[in-house]
Amino acid sequence: VAERARVAPGDRLAVAVVLDYAESYHSWPNPPIIPPEFGADFPAIPTTIDIVQVPEGVKVGRVQWPAPVAVTVDYGTGPIELMSYAGRTVAYVPVVADADAAEGPATLDLLVGYQACDETTCYPPESLAVQVAFEVAAAGGSSAPPVDPALFAGFDPAGFDVAQAAAA
């Protein structure tokens, strides 16, 4: 979800990647936190967001991952607490439009990877291609207001610094 439907050249917006897990399901965080009971060589598959394609005149910063939450699992070791993504999990991608970004529609292509697990089993990893559309306003135009401010409440604006450094 793009924070704004339209961004002015030289302005910024955040993209929220919303992961809604069914009850009793979770995935490994990024980076994975391996419980000592599993051993250091446990093959945890982290949740990932890869930036596949960025519109011309747009820069992105590093993905901002949320803090994982504790879930109880039993993968043959007895019940243990595992730090995971569960429930509604939102990661953010900071986006900056260059001052000379071309006016018109823009699409950010992402690839979300995850391994869904329940209390006793981890399933084969999956990936999902996601496109996030927004518009770049004409030179001198303005950014649109945020579409869902509550969804972006967890975003840290410091992520824009990385994206703007990439634009320089």
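Predicted model: local features only at pLDDT ≥ 70, side-chain atom pairs only at ≥ 80, totals over all residues.
Local features need pLDDT of at least 70 and side-chain atom pairs count only at pLDDT 80 or more, while totals for chains, interfaces and linings use all residues. Residues are numbered from 1 along each chain as its sequence is written, and side-chain values use heavy atoms, with hydrogens and water left out.

Ala106 sits in strand 9 (residues 104–114); strands are DSSP runs of E, at least two residues, numbered from the N terminus. Leaving aside residues up to four places away in sequence, Ala106 touches Pro55, Val132, Ala133, Phe134, Glu135 and Val136, a contact being heavy atoms within 4.5 Å. Pro55 is 51 residues from Ala106 in sequence, yet their C-alpha atoms are 5.8 Å apart.

Beyond residues up to four places away in sequence, its contacts are His26, Ser27, Pro29, Pro68, Val69 and Val71.

A pocket here is an open set of points on a 1 Å grid over the protein atoms alone, where a 1.4 Å probe fits, with protein on both sides within 12 Å along at least five of seven lines; lining residues have an atom within 4 Å of a point. Of the 13 lining residues, Val18, Leu19, Asp20, Val112 and Tyr114 lie nearest the centre. Strand 2 (12–20), strand 9 and strand 11 (126–136) each supply at least two lining residues, and strand 2 gives the largest share, 4 residues.
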